[in-house]
Amino acid sequence: MLHLRLIVPADQTDEVVRTVERTVGTTHLAVVPGVARNPQGDLVLCDVAREAGDELIGSLRALGIDETGSIAVENIDLSLSSRADKAEAEAPGEGADAVLWEHLTDATHEESTLSVTYIAFLTLATMIAACGVVLDNAILIVGAMAVGPEFGPLAGICTALVQRAPRLAWRSFLALIVGFAAAMALTVAFSYFMDSTGLFTEEQLKADRPNTGFVYAPDWFSFVVAVLAGSAGMLSLTSAKSGALVGVAISVTTVPAAANAAVALSYGDLEQTWGSTEQLLLNLLGIVLAGTLTLLVQKFLWARQRERTAAKSGGV
């Protein structure tokens with residue numbers, strides 16, 4: 001269940017209440033007149049099943065409540081109410097499968113903003129991965145994958161393509177390109193420093209690396225992994241039952257490749273640099289394509305679900 005807290009201008013309260021009441025899957029409606037001060041208006045509270053949340057939020061935005069008042073949405077971890085159970089049963093579909101498009105757009109906007117913290121995390125992840133590829137150490141690669149924040153901009157691009165939001169697309173693209181460029185440039189400097197101390201050597205880079213050799217050898221298998229990772233990451237982002245380790249699956253094909261390209265460039269190994277760059281670009285493309293297709297399928301399925309619900313309601 002979701003909890004909505006609305007500040008509504010007094011002259012729109014009745015219309016908002018009617019909108020809430022006619023939305024299938026809502027309950028616990030309460031109106032407290034005149035208590036809001038900034039902005040001024042009435043306080044309207046209600047709970048709604050997650051699978052009906054996107055429809056209700058869209059209807060409230062169509063009334064302009066996000067401009068004349070406010071719409072705040074919170075997840076309810078526990079709700080002991082037979083009315084809530086009834087609302088969930090009446091709402092179409094399953095809550096775990098529901099996509100809250102407004103929440104998705106807001107979340108990807110925040111995660112895809114180019115910031116010092118974002119670049120710092122991506123740079124640290126790339127440097128850790130650089131140590132992993134030179135030492136052929138799978139543990140360090142996993143550590144780097146856990147730190148990498150690059151799925152935020154990738155998800156932002158997918159969301160922007162589906163929602164036709166050019167500003168979000170540009171912001172996400174800028175964060176992705178500038179972030180990786182900065183991380184790789186700093187990792188080149190890091191590689192020079194490690195080489196000067198004798199911790200990195202060219203022989204280590206060119207030796208057989210059974211655990212990390214895949215990062216500079218792009219093939220169709222790499223693309224398949226990227227597609228699977230992109231779908232898994234987007235489902236995790238949109239689902240109520242997201243997995244904490246999905247970020248690792250996303251980073252497996254991006255951060256290590258960027259790190260290997262940076263280290264190889266520091267030694268002038270253009271073959272590995274180009275191979276790793278191809279691997280990085282191929283997998284970024286695969287993740288974006290898979291994430292976008294996943295969102296399109298989800299959007300189509302929920303549109304069909306709404307049509308069936310509307311037809312059923314009209315026939316009753």
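Predicted model: local features only at pLDDT ≥ 70, side-chain atom pairs only at ≥ 80, totals over all residues.
**Entry 1: a word to begin with**

In general, two packed helices are described by the angle between their axes and the distance between the axes.

**Entry 2: α6 and α9**

I looked up α6 and α9. Their axes cross at roughly 45 degrees and come within 8 Å. The two helices are therefore oblique to each other. I noted the hand of the crossing too: α6 passes α9 in a right-handed way.

Next I wanted the residues that touch. On the α6 side I found Tyr 118, Ile 119, Leu 122, Thr 123, Thr 126, Met 127, Ala 130 and Cys 131. They meet Ala 175, Leu 176, Gly 179, Phe 180, Ala 182, Ala 183, Leu 186, Thr 187 and Phe 190 of α9. Sorted by class, the contact of α6 with α9 has 13 nonpolar residues, 4 polar ones and no charged ones.

**Entry 3: α9 and α13**

I then followed α9, which spans residues 166–196, to α13, which spans residues 255–266. Their axes lie 8 Å apart, at an angle of about 45 degrees. That makes α9 oblique to α13, and the crossing of this pair is right-handed.

From α9, the contact takes in Phe 180, Met 184, Thr 187, Val 188, Ser 191 and Tyr 192. From α13, I wrote down Ala 258, Ala 261, Ala 262, Val 263, Leu 265 and Ser 266. I sorted these residues as well: 9 are nonpolar, 3 are polar and none is charged.

**Entry 4: α6 and α13**

How do α6 and α13 pack? Helix α6 covers residues 116–135, and its axis is 8 Å from that of α13, at an angle of about 70 degrees. That makes α6 roughly perpendicular to α13.

In this contact α6 supplies Leu 122, Ala 125, Thr 126, Ala 129, Ala 130, Val 133 and Val 134. Helix α13 supplies Val 255, Pro 256, Ala 258, Ala 259, Asn 260 and Val 263. My tally by class for α6 with α13 is 11 nonpolar, 2 polar and no charged residues.

**Entry 5: the two sides of α1**

I turned to α1, residues 13–22. Which of its residues are buried? I found Thr 13, Val 16, Val 17, Thr 19 and Val 20. These cover an arc of only 160 degrees around the axis, so they sit on the same side of α1. The face turned away from that buried side carries the exposed residues Asp 14, Glu 21 and Arg 22. I also checked what the buried residues of α1 pack against: β1 (2–8), β2 (26–37), β3 (40–48), α2 (50–62) and α3 (65–68).

**Entry 6: two single residues**

Is Thr 212 buried or exposed? I found Thr 212 in the loop between α10 and α11. Its relative accessibility is 1%, and under 20% counts as buried, so Thr 212 is buried. Leaving out residues up to four places away in sequence, Thr 212 touches Gly 132, Val 133, Asp 136 and Ile 141.

My last stop was Glu 203, which lies in α10, residues 202–206. Glu 203 has a relative accessible area of 60%, and over 50% counts as exposed, so Glu 203 is exposed. I also looked up how far Glu 203 is from Thr 27: the two are 176 residues apart in sequence and 67 Å apart in space, C-alpha to C-alpha.

Note on methods: Residues numbered from 1 in each chain as written. Heavy atoms only, no water. Axes fitted to C-alpha atoms, helices over the stretch in contact; angles between N-to-C directions. Helix = DSSP H or I, 4+ residues; strand = E, 2+ residues; numbered from the N terminus. Parallel < 35°, antiparallel > 145°, perpendicular 65-115°, else oblique. Left-handed = near helix turned anticlockwise from the far one by under 90°. Contact = heavy atoms within 4.5 Å. Nonpolar A, V, L, I, M, F, W, Y, C, P; charged D, E, K, R; others polar. Buried < 20%, exposed > 50% of the residue type's maximum accessible area, 1.4 Å probe, protein only. Arc of directions from axis to C-beta.
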